[in-house]
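Please look over the structure below. The report that follows covers its helices, its surface and its contacts.

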Amino acid sequence: MAAGMALLALDTVLHRWQPGDDEQHLAELMDQAFAVVAPALDAPAASPAPAAG
């Protein structure tokens, strides 16, 4: 799931970044996108629920 979130953030940045924009703008967009998803990417993985039985 974390990889999917990271790819979605990258895809979003690439859609917002326009050819001809400077690389600084690209870096700023990347920083903003990953600042949003970083807490979820840094969170510890949830333990699977115990089997009902």
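Leu10 is found in helix α1, which runs over residues 2-16. Helices here are DSSP runs of H or I with at least four residues, strands are runs of E with at least two, and both are numbered from the N terminus. Leu10 counts as partly exposed because its relative accessibility is 31%. The classes are these: buried means under 20% relative accessible area, exposed means over 50%, and partly exposed lies in between, with a 1.4 Å probe and protein chains only.

This is a predicted model, in which local features need pLDDT of at least 70, side-chain atom pairs count only at pLDDT 80 or more, and totals for chains, interfaces and linings use all residues. Residues are numbered from 1 along each chain as its sequence is written, and side-chain values use heavy atoms, with hydrogens and water left out.

**Overall picture**

The protein has 2 helices and 0 strands. It has 53 residues, and 9% of them count as buried. Accessible areas come from the Shrake-Rupley method with a 1.4 Å probe; for residues, only the protein chains shown count as cover.

**Surface patches**

Leu10 is also part of a patch. With Leu7 and Leu14, Leu10 forms a nonpolar patch on the surface, and together they have about 270 Å² of accessible area.

Patch members have over 30% relative accessible area and no salt bridge; like charges are joined within 9 Å, and nonpolar side chains (Val, Leu, Ile, Met, Phe, Trp, Tyr) within 5 Å. A salt bridge is a side-chain nitrogen of Lys or Arg within 4 Å of a carboxyl oxygen of Asp or Glu.

Glu28 lies in helix α2, residues 23-42. Glu28 counts as partly exposed because its relative accessible area is 36%.

**Between the helices**

Which residues does Leu29 contact, leaving aside its neighbours within four places in sequence? They are Val13, Arg16 and Trp17. Contact means heavy atoms within 4.5 Å. Leu29 lies in helix α2. Leu29 is buried because its relative accessible area is 6%.

Val37 is found in helix α2 too. At 15% relative accessibility, Val37 counts as buried. Val37 touches Met5 and Ala9, not counting residues up to four places away in sequence.

Thr12 lies in helix α1. Thr12 is partly exposed, with a relative accessible area of 39%.

| Pair | Apart in sequence | C-alpha separation |
|---|---|---|
| Leu29 and Ala9 | 20 residues | 9.6 Å |
| Glu28 and Val13 | 15 residues | 9.5 Å |
| Val37 and Met5 | 32 residues | 7.1 Å |
| Thr12 and Met30 | 18 residues | 9.2 Å |
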